[in-house]
Amino acid sequence: MGFILMYDNHQWRKSFQWSTQIKTYSWDNAQVLLVGNKCDMEDERVVSSERGRQLADHLGFEFFEASAKDNINVKQTFERLVDVICEKMSESLDTADPAVTGAKQGPQLSDQQVPPHQDCAC
């Protein structure tokens, strides 16, 4: 239900076709974070933070920068993805059909009178 679409801040390529494929072939409510990696190597940066943020806005994704090498924003990125997925699932449950979600509607078996036991030859 979620994807992290990561690019290298030091190699700007037109490889964001993945964003189209994610939207085309994944769940309707799949959540995506766009993450610029290697933010620790500022001197070699080709893609500015602002350019990454603009791309994320254009694609409708949240934006993070991270460094796997120096462990910058790695945990926060995954935690945010989980939070966004849970928020969307909660919204879906709030607006879903009770028959589909199993929400209580009307009397349940435990609420009904159980008829007295009768011996039968079944």
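What follows is a conversation about how the terms apply to this model.

Tutor: This is a predicted model, in which local features need pLDDT of at least 70 and side-chain atom pairs count only at pLDDT 80 or more, while totals for chains, interfaces and linings use all residues. Residues are numbered from 1 along each chain as its sequence is written, and side-chain values use heavy atoms, with hydrogens and water left out.

Student: What pLDDT does the protein chain average, and which elements have the lowest and highest mean values?

Tutor: The pLDDT is the predictor's confidence in each residue, on a scale from 0 to 100. The protein chain averages 76, and 71% of the residues score at least 70. Among the elements, helix 4 (residues 98-101) has the lowest mean pLDDT, 53, whereas strand 3 (residues 62-65) has the highest, 92. Over residues 103-117 the pLDDT is below 50, and beyond near neighbours in sequence this stretch has five contacts in the model, a contact being heavy atoms within 4.5 Å.

Student: How many helices and strands are there, and what makes a run of residues one or the other?

Tutor: Helices are DSSP runs of H or I with at least four residues, strands are DSSP runs of E with at least two, and both are numbered from the N terminus. By that rule the protein chain has four helices and three strands, and from the N terminus on they follow the order β-α-β-α-β-α-α.

Student: How do you know which strands pair, and in what sense is the pairing?

Tutor: Two strands pair if DSSP finds at least two bridges between them. The three strands form an open sheet in the order 1-2-3, with parallel pairing. Strand 1 (2-8) and strand 3 are called edge strands, as each pairs on one side only. As examples of facing residues, F3 stands opposite V32 in strand 2, and the bridge partner of L34 in strand 3 is F63.

Student: Which helices lie against the sheet, and at what angles do they run?

Tutor: Angles run from 0 to 180 degrees between N-to-C directions, with axes as lines fitted to C-alpha atoms, for helices over the stretch in contact. Helix 2 (residues 49-59) packs on the sheet, touching strand 1, strand 2 and strand 3, and its direction makes about 155° with that of strand 3. Helix 3 (residues 74-95) lies across strand 1, strand 2 and strand 3, running at about 165° to strand 2.

Student: Why is I22 called buried?

Tutor: Buried means under 20% relative accessible area, exposed means over 50%, and partly exposed is in between, using a 1.4 Å probe and protein chains only. I22 has a relative accessible area of 10%, which is under 20%, and therefore I22 is buried. I22 lies in helix 1 (residues 17-25), and, not counting residues up to four places away in sequence, I22 touches F3 and V32.

Student: What makes strand 2 mostly covered?

Tutor: Seven of the seven residues in strand 2 are buried. Q31, L33, V35 and N37 point one way from strand 2, V32, L34 and G36 point the other way, and all are buried. For the protein chain as a whole, buried residues make up 28% of the 122 residues.
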